[in-house]
Protein chains: 2
Amino acid sequence: MPPTLRPPAARPRRVTIRDVATAASVSTATVSYVLNDTPGQTITEATRRRVREAAVALGYSPHGVARALREGQSRIVLLAVPSMRGGRGLESFVAGMSAELRTLDHSLLVTTSEDGLPREAIQAIAPRATLRLADFLAESAWRGPVLGAFDGRLAGLEFHTLTQLRHLAERGHRDIAFALPDHPDPIADQRVAHVEGAATSLGLGPVRVLRLEMGEDAHARRAAVRELAEATPVTAVATYSDDVALGVLGAMAALRLRAPDDLAVIGFDDGEAGRVSQPALTTVRIDAGGFGRRAARVALGLDPGEWVESPSEVIVRATT
Amino acid sequence: MPPTLRPPAARPRRVTIRDVATAASVSTATVSYVLNDTPGQTITEATRRRVREAAVALGYSPHGVARALREGQSRIVLLAVPSMRGGRGLESFVAGMSAELRTLDHSLLVTTSEDGLPREAIQAIAPRATLRLADFLAESAWRGPVLGAFDGRLAGLEFHTLTQLRHLAERGHRDIAFALPDHPDPIADQRVAHVEGAATSLGLGPVRVLRLEMGEDAHARRAAVRELAEATPVTAVATYSDDVALGVLGAMAALRLRAPDDLAVIGFDDGEAGRVSQPALTTVRIDAGGFGRRAARVALGLDPGEWVESPSEVIVRATT
DNA sequence: TTGAAAGCGCTAACAT
DNA sequence: ATGTTAGCGCTTTCAA
């Protein structure tokens with residue numbers, strides 16, 4: 001027996017388009033046309049049936065890598081997130097994006113990368129599109145098409161912020177503060193801008209920005225909150241996250257200040273902790289599923305379509 | 001000019017191994033050998049230099065998809081996580097795994113999939129290995145090699161649980177409870193088993209298991225915690241997560257019970273909320289970076305090596 | 001010491 | 001209405 005060119009590894013034999021072609025007594029081209037519903041081909045229904053039946057009989061499934069080589073890119077969209085520690089917002093965003101992509105015969109894969117694009121992964125899989133969450137949340141080419149406009153004006157984090165402040169305004173608060181973590185954050189400035197914009201459009205007074213220590217130094221937090229409560233007219237504080245809200249409430253508890261009477265507090269992104277702690281935290285629940293779906297469509301160059309439902313709502317609990 | 005076969009899309013011309021070969025006046029085979037340091041080849045240092053210089057001069061980088069097609073699998077390890085809402089433990093795990101894989105010329109990509117393998121993604125990128133976090137945490141083929149043995153006995157969640165209970169034991173507690181969320185959880189049973197194992201090995205009494213309501217029903221939580229405090233000898237509660245701990249503390253606050261005097265509480269996985277809330281939560285900080293590195297090595301079929309440092313420590317704050 | 005060429009599985013231009 | 005085949009970029013066998 002003459003030596004033959006063996007495959008690189010002892011690769012388990014896989015069912016290819018060729019096997020299907022043989023089984024259906026057609027060419028590989030025909031198989032490809034049928035299985036991809038390639039437009040502009042004239043293939044009899046009988047042949048189509050034979051091909052499809054052969055494919056399922058053999059358990060054929062297309063080899064994504066070969067297809068990607070041929071097409072120049074894989075049917076993958078890569079989402080770069082800064083961290084695995086997400087909240088409800090991120091989770092629903094990813095779920096929505098993933099579901100929509102599946103519908104479009106693509107897959108979502110996530111990579112963590114603090115800054116810059118995940119070059120190695122891009123080299124490795126040639127994704128159809130790459131989307132950095134930070135870019136998407138901030139101003140960027142993505143923003144316009146993905147966010148679209150809800151309620152004729154704004155959407156995204158900006159919209160959720162409006163939801164958050166509107167609740168405070170409806171409760172009669174006019175002097176508010178916005179508390180955010182004191183550690184560096186790529187979208188901090190933007191969040192502050194959103195708050196200021198929302199406050200203006202709601203006719204509130206100027207917003208006091210409080211950068212809250214989020215480490216072990218409870219004294220610092222207490223001092224900051226005391227100052228806020230005693231030396232300013234602020235009656236309510238909106239926060240960057242539920243965690244920050246819990247920090248404010250923790251300081252208030254230590255100072256024997258009560259929410260909402262001494263200071264009302266509203267969180268952001270409805271985590272588990274705020275729900276079960278005492279007092280239970282009023283917060284904004286973000287359903288970013290619609291965003292995810294839109295981001296998916298935009299990533300593939302499709303029309304994102306219209307908004308269907310409101311992407312955020314206030315969960316009223318005990319602190320406002 | 002005769003019609004030529006155009007590439008499928010107007011694909012931007014990319015630098016291939018061929019270009020490098022031409023520039024260095026060698027064959028593509030030689031380029032491949034040099035760039036991959038293929039063992040068993042006799043190529044003069046001069047040639048190697050020429051090839052490498054040509055590669056950098058042209059800005060060549062290998063096409064992962066083509067390589068994957070040829071080799072049968074891509075240099076990707078796929079990690080399937082149940083959700084994007086991770087804690088410090090997951091974050092460090094992913095970071096460690098990712099860093100180690102980079103070292104080994106691979107990339108980590110994450111996919112969310114509640115149960116089962118992410119088949120579409122696997123088809124699409126032919127990953128070198130696929131690892132479900134749930135399998136990894138639970139008993140499975142992965143467990144043995146990845147966890148190895150720390151301190152001669154156990155590692156992983158089991159080890160961290162021991163860390164958690166040991167702290168309670170050292171504080172003199174003998175009757176403890178373990179509180180976990182009442183919603184379904186793939187690793188709940190396992191966690192309970194760990195706690196019981198740790199309690200036994202520490203010579204503690206039988207562990208009371210408390211499935212805590214984690215929804216909006218604060219009354220249910222209060223009732224459960226009151227029952228625990230008043231009708232049982234339990235003096236301390238270890239929890240499944242910081243969130244559950246916050247739920248216990250919330251109920252205690254409503255009941256005017258104080259930690260640690262009435263009931264000591266220790267959380268798990270050191271989240272931001274526990275650190276800033278009042279009273280500040282004692283918890284277990286998990287550094288899963290080492291696990292991640294080990295998981296990476298095992299995924300590639302390498303020896304994970306020995307443990308270097310302790311993977312968990314107690315962060316003592318005010319509740320114990 | 002190096003090169004020629006096969007072939008991974010697929011799509012699509014072109015031929016029949 | 002369907003088949004033939006080039007070629008995506010790479011690795012590796014075999015020959016020179």
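**Exercise 1: DNA strand C**

In this predicted model, the side chain of Tyr60(A) has an N or O atom 2.5 Å from a phosphate oxygen of DNA strand C. Residues are numbered from 1 along each chain as its sequence is written, chains are lettered from A and ligands numbered from 1 in the order in which they are written, and side-chain values use heavy atoms, with hydrogens and water left out. Local features need pLDDT of at least 70 and side-chain atom pairs count only at pLDDT 80 or more, whereas totals for chains, interfaces and linings use all residues.

Task: Describe the surroundings of DNA strand C.

Solution. 
1. DNA strand C is surrounded by 31 residues, a residue being near a strand if one of its heavy atoms lies within 4 Å of it. The closest are Ile17(A), Tyr60(A), Arg70(A), Thr42(B) and Thr47(B).
2. Of the atoms of DNA strand C that come within 4 Å of the protein, sugar and phosphate account for 64%.

**Exercise 2: DNA strand D**

Task: State which residues are closest to DNA strand D and which helices supply its surroundings.

Solution. 
1. Among the 32 residues around DNA strand D, the closest are Ser27(A), Ile17(B), Tyr33(B), Tyr60(B) and Arg70(B).
2. Sugar and phosphate make up 61% of the atoms of DNA strand D that come within 4 Å of the protein.
3. Phosphate oxygens of DNA strand D lie 2.6 Å from a polar backbone atom of Ser27(A) and 2.7 Å from a side-chain N or O atom of Thr47(A).
4. Helices H2 (28–36) and H4 (64–71) of chain A, and H2 (28–36) and H4 (64–71) of chain B, each supply at least two residues of this surface; helices are DSSP runs (H or I, at least four residues), numbered from the N terminus.

**Exercise 3: The second largest pocket**

Task: Identify which helix gives the most to the lining of the second largest pocket.

Solution. 
1. The second largest pocket has a volume of about 1,600 Å³.
2. It is lined by 45 residues, and the closest to its centre are Arg14(A), Ser61(A), Pro62(A), His63(A) and Gly64(A). On a 1 Å grid over the protein atoms alone, where a 1.4 Å probe fits, a pocket is an open set with protein on both sides within 12 Å along at least five of seven lines, and lining residues have an atom within 4 Å of a point. Grid points are joined across faces, edges and corners, and a volume is the space filled by probe spheres set on the points.
3. H2(A) gives the most to this lining, with six residues.

How values were computed
A polar contact is a pair of N or O atoms within 3.5 Å; within protein, one must be able to donate a hydrogen and the other to accept it, and residues adjacent in sequence count only if both atoms are side-chain atoms.
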